[in-house]
Amino acid sequence: MAIRRILGKNEEILRKKSKSVKIINGRTNLLIDDMLETLADAHGAGLAAPQVGVLRRVVIVDVGEGPIVMINPKLTYTNGEQETVEGCLSVPGEWGITRRPMSIKAEYTDRDGNLMEIEASEMMAKAICHEIDHLDGILFTDKVLRMVKESELVFEDDDEGDGEGGESSEDSGASEGKSSKGASGDESSEAENSEKPFEVGSGEAAEAGNSESSEN
Ligand SMILES: [Zn+2]
């Protein structure tokens with residue numbers, strides 16, 4: 001396991017569309033383990049593979065109840081609206097009000113290859129939408145209604161690095177505060193052609209990917 005560098009908002013990889021995961025193999029599991037460690041280290045509410053330079057449809061969401069790993073996540077239902085403060089580990093120090101569905105349903109594959117369905121609302125719904133957006137090259141700043149200043153944010157406690165377990169949406173935005181800085185690392189090749197423990201059964205754009213080729 002290793003902590004990976006989190007890309008910043010101006011890095012092009014974040015604007016690309018990620019490919020579906022066809023096979024959950026050793027490399028996929030390594031990616032997931034590294035993402036779990038990276039997310040925990042950054043005290044974020046979620047992390048998507050492109051944020052660590054890998055253009056695969058893998059996200060982790062953790063709004064304080066433990067991390068949920070979602071492979072090929074897809075919204076199947078949305079309802080209502082919420083306007084809350086949102087932040088992103090790739091956009092450190094910036095927060096904005098966004099409009100997201102109040103509740104959602106999503107399908108995904110777990111890391112054991114099981115097709116799962118999740119129902120979520122409020123913070124969790126927002127976090128899942130935010131992470132799925134990353135897989136399509138979308139940042140929250142694209143849909144922000146208005147940016148908010150740090151001084152406008154309400155923190156539940158004095159420790160701004162730790163938003164875990166908070167109930168308020170301001171808290172979740174603040175929790176994504178930390179990040180790494182620039183530099184143009186390129187640790188992005190995740191070839192998916194070793195063993196094949198699991199076939200992933202969700203049918204989306206079946207391009208038998210042989211490499212992550214994040215440059216393109
Ligand atoms: Zn983000």
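1. Two residues are taken to be in contact if their C-beta atoms, placed from the backbone, lie within 7 Å. On that criterion, and not counting residues up to four places away in sequence, Met124 touches Val61 and Val63. The structure is a predicted model, in which local features need pLDDT of at least 70 and side-chain atom pairs count only at pLDDT 80 or more, while totals for chains, interfaces and linings use all residues. Residues are numbered from 1 along each chain as its sequence is written.

2. Where pLDDT is low, the predicted coordinates should not be read in detail.

3. The secondary structure comes to three helices and 10 strands, where helices (H or I, at least four residues) and strands (E, at least two) are DSSP runs numbered from the N terminus. Along the sequence these elements follow the pattern β-α-β-β-β-β-β-β-β-α-β-α-β. Of the contacts in the chain with a separation of 6 or more, 70% are accounted for by residues 24 or more positions apart.

4. A residue is called buried if 20 or more other C-beta atoms lie within 10 Å of its own, exposed if 12 or fewer, and partly exposed in between, with C-beta atoms placed from the backbone; 41% of the 216 residues count as buried.

5. Helix H1 (residues 26-42) has 17 residues, which at 1.5 Å a residue should span 24 Å, in agreement with the 24 Å between its end C-alpha atoms; the expected span is 1.5 Å times one less than the number of residues. Thr28, Leu31, Met35, Thr38, Leu39 and Ala42 of H1 are buried. Seen down the axis of H1, its buried residues fall within an arc of 95 degrees, so they line one face of the helix, the arc being that of the directions from the helix axis to the C-beta atoms. These buried residues pack against strand S1 (23-24), strand S2 (46-48) and strand S3 (58-61).

6. His43, in the loop between H1 and S2, has a positive phi near 55 degrees, and it counts as partly exposed because 19 C-beta neighbours lie inside 10 Å. Asn72, found in strand S4, has a positive phi of about 50 degrees, and with 23 C-beta neighbours inside 10 Å Asn72 counts as buried.

7. Strands S7 (residues 103-109) and S8 (residues 115-121) run antiparallel and are joined by seven bridges, where pairing requires that DSSP finds at least two bridges between two strands. The bridge partner of Ala106 in S8 is Ile118. Five residues lie between the strands of this hairpin, in which Gly113 takes a positive phi near 90 degrees.
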